[in-house]
Amino acid sequence: MSAVKLDGKATAAKIKSDLTIRVAALKERGIVPGLGTVLVGDDPGSQIYVAGKHRDCAEVGIASIRVDLPATAAQADVEAAIDELNASPACTGYIVQLPLPKHLDTMALLERMDPAKDADGLHPVNLGRLVHMVDAPLPCTPHGIVLLLQEYGVPIKGAEVTVVGRGITVGRSLGLLLTRRSENATVTLCHTGTQDLAAHVRRADIVVAAAGVPELITRDMIKPGAAVLDVGVSRVEGKIAGDVSLNVAEVAGFLTPNPGGVGPMTRALLLSNVVEAAERRS
Ligand SMILES: Nc1nc(=O)c2c([nH]1)NC[C@@H]1CN(c3ccc(C(=O)N[C@@H](CCC(=O)O)C(=O)O)cc3)C=[N+]21
């Protein structure tokens, strides 16, 4: 037996072709959506991601504004970049690439962003709206995961979902998203303090591995037929290493490739947040 591939690359391409049409419609009314990125420092991984985001923008017709600051940038320098994007009419939405260098106060910087321009859905006001289950830009990776499951007809309502990892960008936010009335899943959120990880993963109809620990999720932990989504982006000897062992494909019903799974979905949903912000403003 071999798992059905949850093809994030193909699903992201569909989303992007829909966005291309919506961007063209906005342009006919004189509106050009623009994505800003703020990158601090020269981490090679972050450089690659940010470059990818600008390529994606070009692909669907979104303008992009790139602000790169040195690793030594002071809090006030990043604040100035945020103030400028908040004020810029050319910037519809933007992101501050995370993680930031340790000397910077990430929370203060996120709070300084205009929540209406928050393309990541990570501003505390927007996460608060998610807690309240009211409309807000959604965090990109969690939203991408939900759309990928829906694309392949994997039932979410009533499903037992085990999420491994409580980071803000993925695990914690995904727990909030999946427990809204519209998704109605039952979520177990596991983390480094979880006593018996295997027991929680074994019960799950859907497993989301977002811990950043290579090979954390092994074949013996997976309920036969379960859907498994690998969010891990560790780098081992230059290559991307997910959180899920390859032989999980022998028992899972559905499995994301990595790369080519959750990553491209994350990028497509970032573009979607920018287009939605432009549509909302017009
Ligand atoms: N404010 C902020 N928002 C983010 O969304 C954010 C962030 N900070 N910091 C870093 C993480 C990581 N992340 C990825 C997005 C796409 C791929 C992706 O598309 N990966 C390709 C492979 C790319 C390669 O080969 O390196 C794939 O999975 O097929 C990976 C990782 C977004 N992040």
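The model is predicted: local features need pLDDT of at least 70, side-chain atom pairs count only at pLDDT 80 or more, and totals for chains, interfaces and linings use all residues. Residues are numbered from 1 along each chain as its sequence is written.

Entry 1, ligand shell. I found 18 residues around the ligand, the closest being Ile95, Leu98, Pro259, Gly263 and Thr266. I took helices (H or I, at least four residues) and strands (E, at least two) as DSSP runs, numbered from the N terminus. On that basis α2 (44-60), β4 (93-96) and α9 each supply at least two residues of the shell. The largest share, 4 residues, comes from α9. For classes, I counted Ala, Val, Leu, Ile, Met, Phe, Trp, Tyr, Cys and Pro as nonpolar, Asp, Glu, Lys and Arg as charged, and the others, Gly among them, as polar. The shell then has 10 nonpolar, 6 polar and 2 charged residues.

I used axes fitted to C-alpha atoms over the stretch in contact, with angles from 0 to 180 degrees between N-to-C directions. Helix α6 (residues 140-151) and helix α9 (residues 262-281) pack at about 110°, their axes 8 Å apart. The two helices are therefore roughly perpendicular, a term that covers 65 to 115 degrees. Their contact, for which C-beta atoms placed from the backbone must lie within 7 Å, includes Cys140, His143 and Leu147 of α6 and Val262, Met265 and Thr266 of α9.

The axes of helix α5 (residues 124-132) and helix α7 (residues 168-178) come within 8 Å and cross at roughly 35°. Leu127, Leu130 and Val131 of α5 meet Ser173, Leu176 and Leu177 of α7. I list this contact as 5 nonpolar, 1 polar and no charged residues.

UniProt positions are in the numbering used here, feature names are shortened, and annotations may be inferred rather than shown by experiment. In an unreviewed entry, UniProt assigns "domain: Tetrahydrofolate dehydrogenase/cyclohydrolase catalytic" to residues 6-120. I found the end C-alpha atoms of residues 6-120 to lie 23 Å apart, with 50% helix and 16% strand in the span. For "domain: Tetrahydrofolate dehydrogenase/cyclohydrolase NAD(P)-binding", the unreviewed UniProt entry lists residues 139-281. The end C-alpha atoms of residues 139-281 lie 19 Å apart, and this span is 34% helix and 18% strand.

Technical notes: Angles under 35 degrees count as roughly parallel, over 145 as roughly antiparallel, 65 to 115 as roughly perpendicular and the rest as oblique. Two residues are in contact if their C-beta atoms, placed from the backbone, lie within 7 Å. A residue is near a molecule or strand if its C-beta atom, placed from the backbone, lies within 6 Å of it.
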